[in-house]
Amino acid sequence: KQSCLMGFASHKVLKIVAAPSAVNPQCSNLNRGFHRAALRLQDESKSDKPPSSSSSSSSSSTTYHEHYQATEHDTAAEASQHDSASDPAAEQPERPNTSYQDQSGEHGEEYETEEQLQSRILTAALEFVPLHGWSMEAIAAGAETLGLSSASTGMFYNGAGDLVLHFIAHCNSQLTEILAEQHKQVQLGQAEPKKTADFLREAVETRLRMYIPYIETWPQAMSILLLPHNIPDSLKHLSSMVDDIWYYAGDRSTDMNWYTKRAVLTGIYNTTELVMLQDSSPDFQDTWSFLDNRIQDVVNMASSAKQVESRKNPNLICGLET
Amino acid sequence: MFQRRSRGQKYTFWLRDGFRDGESEERIKSYHRPHRRSSMQKSEYTCDHRPRVYKVFENVAQKYDIMNDAMSLGIHRVWKDALLHVMHPQPGAQLLDVAGGTGDIAFRFLEYIRLQEERQKRRAARSSQTPSWQDISNNYSTEDESRESRAVVCDINKEMLKVGKQKADSLGVSAGLSWVVGDAEELPFDDDQFDIYTIAFGIRNVTHIDQALQEALRVLKPGGRFMCLEFSKVNNPILSSIYDAYSFQMIPVIGEVIAGDWKSYQYLVESIRKFPNQEEFKGMIEDAGFYCVKYYNLTGGVVALHSGFKL
């Protein structure tokens with residue numbers, strides 16, 4: 001998909017976390033394998049904290065090391081991504097910046113790449129966001145919990161923007177997993193397929209619920225996303241998320257519908273997010289009822305438009321009714 | 001004019017016991033720790049630039065700051081401020097400024113941290129409501145626990161450190177500042193001590209740059225940052241010709257007029273030309289073991305700021 005290549009060409013952190021959202025659903029097993037492998041890496045790295053433990057005896061780390069060496073000479077990032085994408089059990093290491101990383105076992109903690117370390121730091125920083133806001137202080141506190149000096153925050157040239165974008169990418173990948181899981185359930189016949197409107201409603205609600213722990217500071221995060229140098233990345237995340245939701249909703253359209261549907265869902269999502277920011281009802285009930293109403297509006301509009309247009313051009317609007 | 005030191009007065013490398021004779025002068029407090037490596041042979045020292053470099057800076061120490069302003073037309077302040085801005089130190093960070101001489105970077109570092117802390121306090125005061133007595137007492141206990149940021153200025157040359165100390169006294173800055181005599185190729189510090197290592201306009205004077213980089217890697221904590229400000233290659237041909245003309249014709253003249261020392265500033269300009277360019281230096285930093293190495297060109301390449309992380 002086009003968004004797949006856009007993900008590769010852009011910000012390096014997103015290569016790791018956003019890759020699943022851009023991959024087709026038949027690789028959904030691969031996504032979960034990657035997620036498990038990422039968790040395993042986190043556990044390994046925590047246990048391998050003393051730098052001289054390069055001779056750790058766990059077999060998974062040695063296979064990682066071999067795989068890492070094998071991909072060290074890849075010159076094209078796309079090639080390495082596709083190669084490693086076919087091996088679900090292994091990590092997806094990025095092309096390393098320097099070629100000497102695998103020469104000796106001295107760099108014990110360097111069995112991961114810089115981007116993976118950065119995403120680990122940002123994940124650790126998320127728990128300090130309620131305290132420090134979306135800022136470099138939160139990243140510094142996150143780095144310190146990993147045992148790194150606070151000076152390592154200098155790696156994040158975009159500062160707070162890196163943290164927010166990392167969080168958004170993380171939420172998107174979680175959403176994709178949930179949707180893929182549901183899709184699998186439906187395929188296996190264990191669950192009933194939902195109507196489109198319900199599906200959209202639940203997908204948007206699930207996605208927005210991920211903001212609830214950070215809702216106090218979310219206005220700050222939104223303002224960071226609107227900074228000019230962050231707009232391309234935030235729009236890319238938004239569009240890939242909306243694309244995923246529509247894909248799992250069953251949309252396979254190839255005409256103007258593709259654009260109108262995504263534009264509509266983007267509008268619904270953004271307005272609901274804004275409502276959520278100032279919602280004080282228990283468990284955000286007002287927000288979800290607002291969401292219901294908006295989706296209902298769209299359904300009504302689509303069906304009435306269809307009635308009007310059906311005589312002229314039967315193929316124009318489809319998929320939103322029922 | 002400044003005082004010239006009499007001949008025959010040798011400097012004490014008192015970390016290497018009995019290596020050189022020296023005068024007993026006012027000792028500047030140092031971190032005394034036995035060296036891990038065996039002391040080097042005397043012949044190695046006489047073959048390198050250290051005595052010459054030492055003499056150069058010994059001669060110019062008193063006028064160092066004035067000369068910096070005159071030669072760079074005051075732009076060196078902008079460069080040093082840019083270094084701090086890129087560094088963006090967090091409160092509690094420990095800085096080691098090697099070849100720090102008169103302490104410019106260390107003063108700016110402490111000021112930056114002080115402003116950061118004030119800003120944080122203001123933000124915390126604004127957001128918190130009237131704290132209860134429990135909260136106030138908790139705040140008192142946590143204030144002492146948080147690490148205070150510290151700046152250590154290390155230089156091979158005692159004269160430069162003396163000038164720096166005088167500056168510190170006149171500015172009234174004393175908390176969190178230490179002055180240490182030491183050689184960049186063999187730092188008198190333990191491993192994993194510092195968050196940030198800076199060397200501003202000093203690394204070209206080091207004989208074995210790779211050793212200095214290795215030492216930097218050693219004393220930095222994991223996650224620590226290495227930052228180096230140094231003169232570098234100007235790529236733009238027009239700017240390059242202006243810069244060359246200015247360097248070779250104006251700077252020694254200024255040196256003679258203000259500091260009375262043509263040769264030292266001739267040496268300065270030549271050492272700038274001999275220093276590797278941005279990409280080569282970046283390669284050297286990566287070879288030493290730093291990651292995420294990046295450089296920023298300031299003033300069109302006249303000065304380059306290199307940064308690397310120990311990960």
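This is a predicted model: local features need pLDDT of at least 70, side-chain atom pairs count only at pLDDT 80 or more; totals for chains, interfaces and linings use all residues.
Let me begin with one residue, Glu159(B), which at 12% relative accessibility counts as buried, where buried means under 20% relative accessible area, exposed over 50%, and partly exposed in between, with a 1.4 Å probe and protein chains only. Residues are numbered from 1 along each chain as its sequence is written, chains are lettered from A and ligands numbered from 1 in the order in which they are written, and side-chain values use heavy atoms, with hydrogens and water left out.

Back to Glu159(B), then, which forms a salt bridge with Lys162(B), the closest N and O atoms being 3.7 Å apart; a salt bridge here is a side-chain nitrogen of Lys or Arg within 4 Å of a carboxyl oxygen of Asp or Glu. Lys162(B), at 23% relative accessibility, counts as partly exposed. Both residues lie in helix 7 of chain B, three residues apart, about one turn of the helix, and helices (H or I, at least four residues) and strands (E, at least two) are DSSP runs numbered from the N terminus. An α-helix has 3.6 residues a turn, so residues three or four places apart point the same way.

Asp69(B) forms a salt bridge with Arg77(B), with 2.5 Å between the closest N and O atoms; Asp69(B) is partly exposed at a relative accessible area of 25%, and Arg77(B) is partly exposed at 40%.

As for chain B as a whole, its secondary structure comes to eleven helices and seven strands, and 50% of its 311 residues count as buried. Among contacts in chain B with a separation of 6 or more, 77% come from residues 24 or more positions apart, a contact meaning heavy atoms within 4.5 Å.

Turning to chain A, helix 10 (residues 196-209) has 14 residues and reaches 20 Å from its first C-alpha to its last, close to the 20 Å expected at 1.5 Å a residue, the expected span being 1.5 Å times one less than the number of residues. Its buried residues include Phe199(A), Leu200(A), Val204(A) and Glu205(A), and what covers the buried residues of this helix includes helix 9 (160-187), helix 12 (231-248), helix 13 (256-277) and helix 14 (285-309) of chain A. Glu205(A) is also linked with Arg201(A), Arg209(A), Asp283(A) and Asp292(A) in a network of salt bridges.

Finally, the interface: 23 residues of chain A are in contact with 22 residues of chain B. Helix 6 (114-126) and helix 8 (136-145) of chain A each supply at least two residues of the side of chain A that touches chain B, and helix 8 gives the most, with four residues.
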